[in-house]
Amino acid sequence: MNSCLKINWSGFYSGQFYGDGILRKFPAVISKDHEHHGAFFFSAHMILDEGRHSGPVNMLLDTGASQTIIGEDDLTKLGVDITSLPRSPHPIAGWGGMTESFIIEKPCVILIDEEKKSEAFALDEILCGRNPRHTRTKSGQKHVRTVSIPSVIGRDFLRVHNLIVHIDIRNEDVYLFST
Amino acid sequence: MNGPCASAFSPVVTIEIRKKMERSAKNKLWAMNNMNKLRSKYANKYVALDNEKVLAFGDSPDEVFGELRKKRIKDISIVAIEFVPEDQLVWLL
């Protein structure tokens, strides 16, 4: 495989493929630790409730997620009580099971591009996933364990804003591209 | 652009926003890169981290937020709240 032609993928997303529009690169923050094998996230700033609540939110990219989610912990950090939100009829389902979700209308997500310029991405709605509580019995005693729901960028975000995903873990080169 | 997204383009706001984003990301990254260190002291606990320091810990995020409130931490938005698993986990997400 080492003898294979090396492709400059950044060049691939150039004008000839995507017209003459300027492509903006939003780099991910990548972990160098062994345990996470190059885990990455996007450092975002989220604005909720018409600007009444805002703050930084670190978001995983989850191409398996149909919808963008803010986790309950991140919501709390922005000063929003999850019980003040309207309940969604659709629970969130994942490998860890299901949990109830709440609707946040008209949020705005800001990302910073590689030239340190910000771009704001509006969405009609995102969901907030409540942290599920699992009860287990150990040595005859019941323990309740809370599992934190992470904040994730889902496919709705990529689709609505025409974003292209570039992932090259080995070279620590992970970007979202917007045209 | 109208609505809350419009304010994102004010340069003054952007500098403040960027500083907070960088601090928040740095805290999360530090937690990821130092999980073994955290595990030796805080296995199976939730921890609140800022500037390479544990500000609070507890059995659930609610407990941790309670501790942060007690300690009157001014801006919790930049604090990383992380679960420290007892064993190395394989994450699906």
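**A walk through chains A and B**

Of the 179 residues that make up chain A, 31% count as buried, and this figure, like every other one here, belongs to a predicted model. The secondary structure of chain A comes to four helices and 16 strands.

One part of chain A to look at is an open sheet of three strands, in which the order is S1-S16-S15 and the pairing is antiparallel. Because S1 and S15 of chain A stand at the edges, each with a single partner strand, one side of each is left without a neighbour in the sheet. On average, and with direction ignored, neighbouring strands of this sheet are turned by 25° against each other.

Strand S1 of chain A, residues 24–27, is joined by four bridges to strand S16 of chain A, residues 173–178, and the two run antiparallel. Within this pair, Arg24(A) has Ser178(A) as its bridge partner in S16(A), while Pro27(A) has Tyr175(A). S16(A) is also joined by six bridges to strand S15 of chain A, residues 163–168, again in the antiparallel sense, and here the bridge partner of Ile164(A) is Phe177(A). S15(A) and S16(A) form a hairpin with four residues between them, and in the turn Glu172(A) has a positive phi of about 50°.

Chain B has an open sheet of three strands with antiparallel pairing, in the order S2-S1-S3. Strand S2 (53–58) and S3 of chain B each have a single partner strand and stand at the edges, so one side of each is left without a neighbour in the sheet. Neighbouring strands of this sheet are turned by 30° against each other on average, direction ignored. Strand S1 of chain B, residues 45–50, pairs with S3(B) over five antiparallel bridges, and in this pair Val47(B) has Glu82(B) as its bridge partner in S3(B). Helix H2 of chain B, residues 35–42, lies across S1, S2 and S3 of chain B and runs at about 70° to S3(B). H3(B) packs on the sheet as well, touching S1, S2 and S3 of chain B, with a direction that makes about 125° with that of S2(B).

Ala31(B) lies in helix H1 of chain B, and it counts as buried because it has 22 C-beta neighbours inside 10 Å. Leaving aside its neighbours within four places in sequence, Ala31(B) is in contact with Leu38(B), Leu49(B), Ala80(B) and Glu82(B).

How do the two chains meet? In this model, 30 residues of chain B are in contact with 34 residues of chain A. On the side of chain B that touches chain A, the elements giving two or more residues are helix H1 (11–33), helix H3 (61–70) and strand S3 (80–84) of chain B, and among these H1(B) gives the most, with eleven residues. That side of chain B divides into 19 nonpolar, eight polar and three charged residues.

Finally, the largest nonpolar core has 59 residues, of which Phe42(A), Ala44(A), Ile70(A), Leu111(A), Ala48(B) and Val79(B) touch the most other members. Not counting residues up to four places away in sequence, Leu111(A) touches Phe26(A), Phe42(A), Ala44(A), Glu119(A) and Phe121(A).

Technical notes: Residues are numbered from 1 along each chain as its sequence is written. Chains are lettered from A and ligands numbered from 1 in the order in which they are written. This is a predicted model: local features need pLDDT of at least 70, side-chain atom pairs count only at pLDDT 80 or more; totals for chains, interfaces and linings use all residues. A residue is buried if 20 or more other C-beta atoms lie within 10 Å of its own, exposed if 12 or fewer, and partly exposed in between; C-beta atoms are placed from the backbone. Two strands pair if DSSP finds at least two bridges between them. Two residues are in contact if their C-beta atoms, placed from the backbone, lie within 7 Å. Ala, Val, Leu, Ile, Met, Phe, Trp, Tyr, Cys and Pro count as nonpolar, Asp, Glu, Lys and Arg as charged, and the others, Gly among them, as polar. A nonpolar core is a set of buried Ala, Val, Leu, Ile, Met, Phe, Trp, Tyr and Cys residues joined through C-beta atoms within 7 Å. Axes are lines fitted to C-alpha atoms, for helices over the stretch in contact, and angles run from 0 to 180 degrees between N-to-C directions.
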